[in-house]
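Thanks for coming, everyone. Let's take a quick walk through this one, loop by loop and helix by helix.

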Amino acid sequence: MKKYAIEVFNLKIHPWDMQTTLDFIETNIIKHKINMQHIVINVAKVVNAQKDEFLRNAINNSDLVNIDGLPVVWVLKILGYKIPERVTGVDLFQNLVEICAEKGYRPYFLGAEQKVVEKVVTILEEKYPNLQIAGFRNGYFNEVEEINIAQEIKESKADMLFLGISSPKKEIFIDKYTKKMDVPFTMGVGGSFDIIAGKTKRAPLWMQNSGLEWFYRILQEPRRMWKRYAITNTLFIIMVVKEIFRRIFKN
């Protein structure tokens with residue numbers, strides 16, 4: 001598959017499939033040409049990046065930006081872009097951990113509560129006995145502690161860094177410290193640690209394939225999530241309509 005990027009909604013996006021993504025990441029680790037920043041985007045992230053300059057810069061500064069949200073895939077197809085499939089953060093994360101176990105790459109896990117990240121490490125070590133973990137710690141830290149955490153990660157000599165931290169904190173952290181940490185590949189995985197640890201459940205497959213994962217999250221955390229999705233989904237629809245009309249009148 002041809003590797004290229006598109007620019008839409010003021011963001012750089014790589015419309016690649018899973019295998020192309022995995023091959024590109026592993027090639028970078030083997031050659032260690034760059035300290036690769038990776039981000040996945042969904043509706044909320046696309047919307048928030050329009051006003052949040054730090055988030056927008058973090059996305060556009062990344063070396064690889066996959067599409068996680070199915071509604072984003074649908075919209076880009078409507079706008080005429082060829083999108084082979086979405087590459088969800090949790091699926092990519094699990095595929096990369098498996099590659100780490102097979103090839104001897106050393107992952108570092110940063111994020112979630114301490115007991116959650118410890119459980120993630122235990123589960124992955126049991127599933128992959130050959131997995132060599134570079135280190136792990138919880139995601140509860142302030143801005144003053146960031147530089148020391150980045151230094152600790154550098155000293156761990158990790159090949160991959162996975163951040164289970166909420167947006168936009170993880171994107172900004174990645175953008176700010178990628179070169180300092182000197183890790184070949186760094187990726188924000190959002191709530192993936194909670195899913196693997198069993199703290200939260202992933203939406204049933206039919207809801208994933210229907211673009212309703214956001215609704216499943218509302219069902220799990222209604223007080224925290226309903227307002228967020230009500231606002232971002234509405235703003236996204238408005239953005240899409242404006243973009244369609246802009247292209248019609250431009251032509």
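Start at proline 168, which lies in the loop between β7 and α8. Helices here are DSSP runs of H or I with at least four residues, strands are runs of E with at least two, and both are numbered from the N terminus. A cis peptide bond joins serine 167 to proline 168, with omega at about 0°.

Before I go on, the ground rules. This is a predicted model: local features need pLDDT of at least 70, side-chain atom pairs count only at pLDDT 80 or more, and totals for chains, interfaces and linings use all residues. Residues are numbered from 1 along each chain as its sequence is written, and side-chain values use heavy atoms, with hydrogens and water left out.

Phenylalanine 9 is not a glycine, yet its phi is positive, about 55°. Phenylalanine 9 sits in the loop between β1 (6-8) and β2 (11-13). Why point these out? Because most residues other than glycine have a negative phi, and most peptide bonds are trans.

Now the sheet. Six strands form an open sheet, with parallel pairing, in the order β4-β3-β8-β7-β5-β6. Two strands pair if DSSP finds at least two bridges between them. Which strands stand at the edges? They are β4 (64-67) and β6 (135-137); each has a single partner strand, so one side of each is left without a neighbour in the sheet. On average, neighbouring strands of this sheet are turned by 15° against each other, direction ignored.

Look inside the sheet. Strand β7 (residues 160-164) and strand β8 (residues 185-188) run parallel, joined by four bridges. Leucine 163 stands opposite glycine 188 in β8.

On to α7, residues 146-156. This helix lies across β5 (107-111), β6 and β7, and runs at about 165° to β5. Axes are lines fitted to C-alpha atoms, for helices over the stretch in contact, and angles run from 0 to 180 degrees between N-to-C directions.

The α7 axis also comes within 9 Å of the axis of helix α8 (residues 169-181), and the two cross at roughly 45°. That makes α7 oblique to α8. The cut-offs: under 35 degrees is roughly parallel, over 145 roughly antiparallel, 65 to 115 roughly perpendicular, and the rest oblique. The crossing of α7 past α8 is right-handed. Right-handed means the near helix is turned clockwise from the far one by less than a right angle; anticlockwise is left-handed. Residues in this contact include Ile147, Ile153 and Lys154 of α7 and Phe173, Lys176 and Tyr177 of α8. Contact means heavy atoms within 4.5 Å. By class, the α7 and α8 residues split into seven nonpolar, one polar and four charged. Nonpolar is Ala, Val, Leu, Ile, Met, Phe, Trp, Tyr, Cys and Pro; charged is Asp, Glu, Lys and Arg; the others, Gly among them, are polar.

Next, helix α4 (residues 70-78). It packs on α12 at an angle of about 10°, with the axes 11 Å apart. The two are therefore roughly parallel. Pro71, Val72, Val75 and Ile78 of α4 meet Phe236, Val240 and Ile244 of α12. What classes are those residues? Seven nonpolar, no polar and no charged.

Helix α12 (residues 222-250) also meets helix α11 (residues 213-220): their axes come within 7 Å and cross at roughly 150°. So α11 and α12 are roughly antiparallel. This crossing is left-handed.

Last, the salt bridges. How many does the structure hold? There are 11, counting a side-chain nitrogen of Lys or Arg within 4 Å of a carboxyl oxygen of Asp or Glu. One joins lysine 199 and glutamate 113, at 3.2 Å, N to O. Lysine 199 is in the loop between α9 (192-197) and α10 (205-209), and glutamate 113 in the loop between β5 and α6 (114-127), so the pair ties together parts 86 residues apart in sequence.
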